[in-house]
Amino acid sequence: MRVTRRSARTAAVATGAVAALLLPAAGAFAADAPDQDPAPTATATDGDQSVLWRNVDLADGSLAKVYQDGPGRFSAEIYAGGSLIDTLTTTGQPASGQNNGLHVTLHPDGTVTSWLETAPKPTPDPKPTPDPKPTPKPTSKPTPKPAPHKKPVQQAYAKVTLPDGNTARFFKSKGQNTWPRVEIARPNGHAVGTLDLKHPTAAHHGWTYKLVDTGKHRYKLAAIDTPMQGANSWVYDFQGKLIEKYTAQKTA
């Protein structure tokens with residue numbers, strides 16, 4: 001359907017007056033087109049006419065009626081709720097306007113684009129950080145932990161220097177479960193060997209050491225020198241006393 005707007009510019013002036021009355025209710029649609037010389041006002045002549053070119057639905061559901069006013073000249077009437085709220089006119093440059101977040105642009109070829117502003121989401125108020133609960137003070141002193149049990153260091157019954165210069169330390173457990181032990185060490189403290197009932201013999205540099213069980217929980221230590229020395233022997237009790245000495249007979 002062709003709609004001709006012949007010299008009805010006089011009526012358009014009246015329409016503009018009506019639009020001015022409607023602007024407070026619909027919201028001002030402010031044009032933000034670049035500064036340019038205003039288009040010349042059409043005169044009411046028989047040759048001046050505007051033809052409805054197309055209707056365009058805008059981004060918010062409003063309507064834009066686009067008219068071709070002449071070669072290369074277009075205008076668009078913006079309607080919201082059935083009321084005219086603005087008119088955009090282009091003569092070679094885009095014309096734009098906005099109302100209540102709706103932006104509309106009329107391009108020189110008669111096309112219309114529109115978009116809506118996105119309202120920023122309100123920033124939620126930060127949640128207050130709860131005050132930490134105070135740690136209750138202990139009503140009583142904590143029970144001290146018992147110190148770890150340390151195995152008591154067993155003291156030797158006696159210590160003696162053997163004929164070869166090494167030392168012998170005598171140990172014997174108390175009570176019915178006796179467990180004799182003799183530790184042989186060099187003068188600098190380095191261990192030579194430990195004698196007990198399972199390992200009653202040890203040797204060092206030709207010397208031999210023997211733990212002897214004489215019965216009735218009585219024990220002796222025999223230190224025997226090298227065969228080259230004649231295999232002499234010295235016998236000690238667990239008090240470290242030299243109780244016997246044997247000199248081997250040398251064969252001719």
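Colleague: What makes a group of residues a nonpolar core?

Modeller: A nonpolar core is a set of buried Ala, Val, Leu, Ile, Met, Phe, Trp, Tyr and Cys residues joined through side-chain atoms within 4.5 Å. The model discussed here is a predicted one.

Colleague: Which residues of the largest nonpolar core touch the most other members?

Modeller: The largest nonpolar core has 18 residues, and Leu162, Ala168, Phe170, Val182, Tyr209 and Leu221 touch the most other members. At least two residues of this core come from each of strand 10, strand 11, strand 12 (181–185), strand 15 (207–215), strand 16 (218–224) and strand 17 (233–237). A second, separate core has 14 residues, including Ala64, Ala76, Ile85 and Val104.

Colleague: What does Leu221 touch, if residues up to four places away in sequence are not counted?

Modeller: With that exclusion, Leu221 touches Leu162, Ala168, Phe170, Val182, Ile184, Leu195, Tyr209, Lys210, Trp234, Val235 and Tyr236. In soluble globular proteins, nonpolar side chains tend to be buried together.

Colleague: Why are strand 10 and strand 13 said to stand at the edges of their sheet?

Modeller: The sheet is open and has four strands in the order 10-11-12-13, with antiparallel pairing. Strand 10 (158–161) and strand 13 (191–195) each have a single partner strand, so one side of each is left without a neighbour in the sheet. Neighbouring strands of this sheet are turned by 15 degrees against each other on average, direction ignored.

Colleague: Why is the contact of Arg169 with Glu183 called a salt bridge?

Modeller: The term applies to a side-chain nitrogen of Lys or Arg within 4 Å of a carboxyl oxygen of Asp or Glu. For Arg169 and Glu183 the closest N and O atoms are 3.8 Å apart, and the pair therefore qualifies as a salt bridge. Arg169 lies in strand 11 and Glu183 in strand 12, 14 residues apart, so that this pair links distant parts of the chain. By this rule the count comes to three salt bridges.

Colleague: What are the other two pairs?

Modeller: Arg181 also forms a salt bridge with Glu183, with the closest N and O atoms 3.3 Å apart. Lys220 and Glu244 form a salt bridge through their side chains, at 3.1 Å from N to O. That pair, too, links distant parts of the chain: Lys220 is in strand 16 and Glu244 in strand 18 (residues 242–246), 24 residues apart.

Colleague: What makes the backbone of Asn100 and His217 worth a remark?

Modeller: Most residues other than glycine have a negative phi. Asn100 has a positive phi, near 50 degrees, and His217 has a positive phi near 60 degrees. Asn100 is placed in the loop between strand 7 (95–99) and strand 8 (102–106), and His217 in the loop between strand 15 and strand 16.

Colleague: Is Asn100 called buried or exposed?

Modeller: The relative accessible area of Asn100 is 61%, so this residue is exposed. His217, at 45%, counts as partly exposed.

Colleague: Which glycines take a positive phi in the hairpins of strand 4?

Modeller: In the hairpin of strand 3 and strand 4, with five residues between the strands, Gly61 takes a positive phi near 90 degrees. In the hairpin of strand 4 and strand 5, with two residues between the strands, Gly72 takes a positive phi near 75 degrees. Strand 3 (residues 50–57) and strand 4 (residues 63–70) pair in the antiparallel sense over six bridges, and Val51 has Gln68 as its bridge partner. Strand 4 and strand 5 (residues 73–80) pair, also antiparallel, over seven bridges, and Val66 has Ala76 as its bridge partner.

Technical notes: Residues numbered from 1 in each chain as written. Predicted model: local features only at pLDDT ≥ 70, side-chain atom pairs only at ≥ 80, totals over all residues. Heavy atoms only, no water. Pairing = 2+ DSSP bridges. Axes fitted to C-alpha atoms, helices over the stretch in contact; angles between N-to-C directions. Buried < 20%, exposed > 50% of the residue type's maximum accessible area, 1.4 Å probe, protein only. Contact = heavy atoms within 4.5 Å.
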